[in-house]
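Subject: Structure for you to look at

Hello,

Here is the structure I promised to pass on. Please open it first, then read my notes below.

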Amino acid sequence: MTTISSSGSSSGASGSTSGSALKQEIERYAAANPKSAAMHERAKESLPGGDSRNSIWWKPFPIYVARGDGSMMTDLDGNERVDFISNMTTLILGHRHPDVIKAVEAQVDRGLSYPAPSELVVEWAELIVGRVPSVEKVRFVNSGTEATLNAIRAARAFTGRQKIVKCEGGYHGAHDDVAVSVDPGFDKAGDELAPESVRDYEGVPDKSLDHTIVIPYNNPAAAEAIIRANGSEVAAVIVEPVIGRLGMLPAQPEFLQALRDVTRELGIVLIFDEVISLRISPGGSQEYFGITPDMTAMGKIIGGGLPVGAFGGKSEIMALFDPDSEAGPRVKHAGTFNGNPMTAAAGIATLRNMTPELYDQIAELGEDLRSKLRNVIAEREAPMGVTGIASLFSLQFTTVQIVDYRSLESADKTLAAHMFIGMLNEGFALSTQCAGNISAVITPEQVDGFVAAFSSVLERAGYG
Ligand SMILES: Cc1ncc(COP(=O)(O)O)c(C=O)c1O
């Protein structure tokens with residue numbers, strides 16, 4: 001097995017990235033990954049574009065992973081890369097943590113799934129209820145998508161209202177009412193203080209555009225005005241306290257507080273989407289910010305690497321799902337694999353390992369990484385920035401300070417593509433947006449290696 005190393009050659013175009021530098025980077029990538037390229041050709045025969053998950057598809061072809069172990073991933077060509085994205089922030093203990101593997105293996109011996117609950121689901125629920133301040137009762141699903149969908153449905157049933165409010169640039173999974181203004185064209189997005197509701201892709205029904213009202217992130221006055229104007233029709237405001245697609249950007253506390261205050265006043269259910277941000281402290285970002293929503297959507301880390309989602313909140317809202325009444329549940333909710341024992345076993349082992357000290361440790365390493373990256377950006381005078389909080393970070397390809405979706409308008413997409421492929425060439429895996437995370441198995445030496453690789457890629461992109 002080999003680690004792809006940098007030749008350190010410069011594109012020669014000093015002070016700006018260029019299409020030809022990116023082309024060279026891609027040629028190098030293609031040369032180092034022939035088996036992944038061939039597998040991608042095969043994949044195209046049975047999967048559209050060779051793909052089943054847009055977030056892990058990229059040009060000219062993705063790497064195909066053969067193995068993950070600790071902090072490392074090995075692809076079909078035998079290239080090893082340090083995994084700085086951990087299945088989109090999921091694997092907080094890294095790949096194949098011994099306790100997680102032990103728990104999963106023990107469950108394999110007892111059966112993969114049952115047509116009745118197990119003790120594990122109760123233990124898992126107790127762990128989450130014990131940690132996440134807003135969650136008095138919880139229900140399990142199999143994805144973050146289902147978590148936000150069910151939290152929104154509960155809010156509609158609870159309030160008797162239809163509309164929801166979400167932030168421009170916020171991603172809450174792949175269902176219709178939230179597939180609105182996640183990534184709208186800047187020419188279609190309308191007034192930045194009163195954004196248009198823009199369909200994210202074909203197939204999203206017109207009713208979702210009518211039902212979903214969009215507010216700007218981090219603008220308390222504009223958000224409050226929009227919510228008040230629609231108040232009596234709004235069932236829920238859903239928000240990521242750390243917004244993934246804007247670069248793991250923490251909200252300004254006054255924005256979250258304004259949402260908390262206005263929703264409480266108007267009888268609207270406030271939903272925190274903590275599918276990513278639950279990894280910033282044992283009680284998630286709601287504990288970090290000291291602001292408690294009515295409902296919380298969760299996913300990723302709570303399943304220890306297996307498919308998962310969960311939603312929970314105030315007992316009076318979660319009572320909607322209680323089947324233990326004569327009329328049955330007011331909101332029905334089934335799912336063949338909800339709370340399945342395999343995911344529960346992996347989730348319990350992961351959460352038990354995640355002590356407050358470990359959250360602090362990965363947060364400190366995250367802070368160290370962000371500050372070292374900023375130093376390199378300053379030294380090389382690259383038109384970039386770094387955002388993030390705790391163990392989460394993202395590279396930004398603009399010098400504009402990121403506060404909301406519109407701040408991304410000036411981002412340099414060529415440099416972003418160069419950085420993503422360049423870091424793969426250097427032996428480091430990120431998301432295609434160049435977001436990443438520290439997991440518990442990442443070492444300070446790997447952080448320094450990441451920073452050195454980042455510097456080399458910038459040099460090849462022309463910032464020498
Ligand atoms: C904030 C947020 N909410 C919801 C989801 C959807 O989760 P899943 O991909 O498990 O459906 C994601 C996925 O990345 C997410 O980042």
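Met248 sits in the loop between β10 (242-243) and β11 (249-250). Its phi is positive, about 50°, although Met248 is not a glycine. Met248 counts as buried, because its relative accessibility is 4% and the cut-off for buried is under 20%. Bear in mind that this is a predicted model.

Two other residues off the helices have backbone features to check. Arg96 also has a positive phi, near 55°, and is not a glycine. Arg96 is found in the loop between α3 (86-89) and α4 (98-110). Arg96 is partly exposed, with a relative accessible area of 43%. Then go to Pro60. A cis peptide bond joins Lys59 to Pro60, with omega at about 0°. Pro60 belongs to the loop between α2 (34-46) and β1 (65-69).

Next, the ligand. Which residues are around the ligand? They are Ser143, Gly144, Thr145, Tyr171, His172, Gly173, Glu240, Asp273, Val275, Ile276 and Lys300. By type, this shell divides into 3 nonpolar, 5 polar and 3 charged residues. A polar backbone atom of Gly144 is 2.8 Å from an oxygen atom of the ligand. Lys300 uses its side chain: a polar atom there lies 2.9 Å from an oxygen atom of the ligand. Tyr171 places a backbone N or O atom 3.5 Å from a nitrogen atom of the ligand. On its own, the ligand has 390 Å² of accessible area, and the protein covers 81% of that.

His175 is in the loop between β5 (163-167) and β6 (190-191). Is His175 buried or exposed? His175 is buried, because its relative accessibility is 10%. Setting aside residues up to four places away in sequence, His175 touches Thr145, Thr148, Leu149 and Ile152. Thr145 is also one of the residues around the ligand.

Now helix α6 (residues 144-159), where Thr159 has its place. The side chain of Thr159 reaches the backbone oxygen of Ala155 at 2.8 Å. Beyond its neighbours within four places in sequence, Thr159 is in contact with Ala235, Gly267 and Val269.

α13 covers residues 356-380, 25 residues in total. From first C-alpha to last, α13 reaches 37 Å, close to the 36 Å expected at 1.5 Å a residue. Which residues of α13 are buried? They are Leu358, Tyr359, Ile362, Leu365, Gly366, Leu369, Arg370, Leu373, Val376 and Ile377. What do the buried residues of α13 pack against? Their partners are the helices α5 (119-131), α12 (341-353) and α15 (444-460), along with the strands β15 (385-389) and β16 (392-396). Just after α13, Glu381 takes a positive phi of about 50°.

One last stop is Glu426, in helix α14 (residues 413-426). Glu426 is buried, with a relative accessible area of 10%. Glu426 and Ala461 are 35 residues apart along the chain, and their C-alpha atoms are separated by 14 Å.

Over to you.

Best wishes

Key. Residues numbered from 1 in each chain as written. Predicted model: local features only at pLDDT ≥ 70, side-chain atom pairs only at ≥ 80, totals over all residues. Heavy atoms only, no water. Helix = DSSP H or I, 4+ residues; strand = E, 2+ residues; numbered from the N terminus. Expected span 1.5 Å × (residues − 1). Buried < 20%, exposed > 50% of the residue type's maximum accessible area, 1.4 Å probe, protein only. Contact = heavy atoms within 4.5 Å. Near = heavy atom within 4 Å. Polar contact = N/O pair within 3.5 Å; in protein donor to acceptor, adjacent residues only side chain to side chain. Areas by Shrake-Rupley, 256 points an atom, 1.4 Å probe, with all protein chains shown as cover. Nonpolar A, V, L, I, M, F, W, Y, C, P; charged D, E, K, R; others polar.
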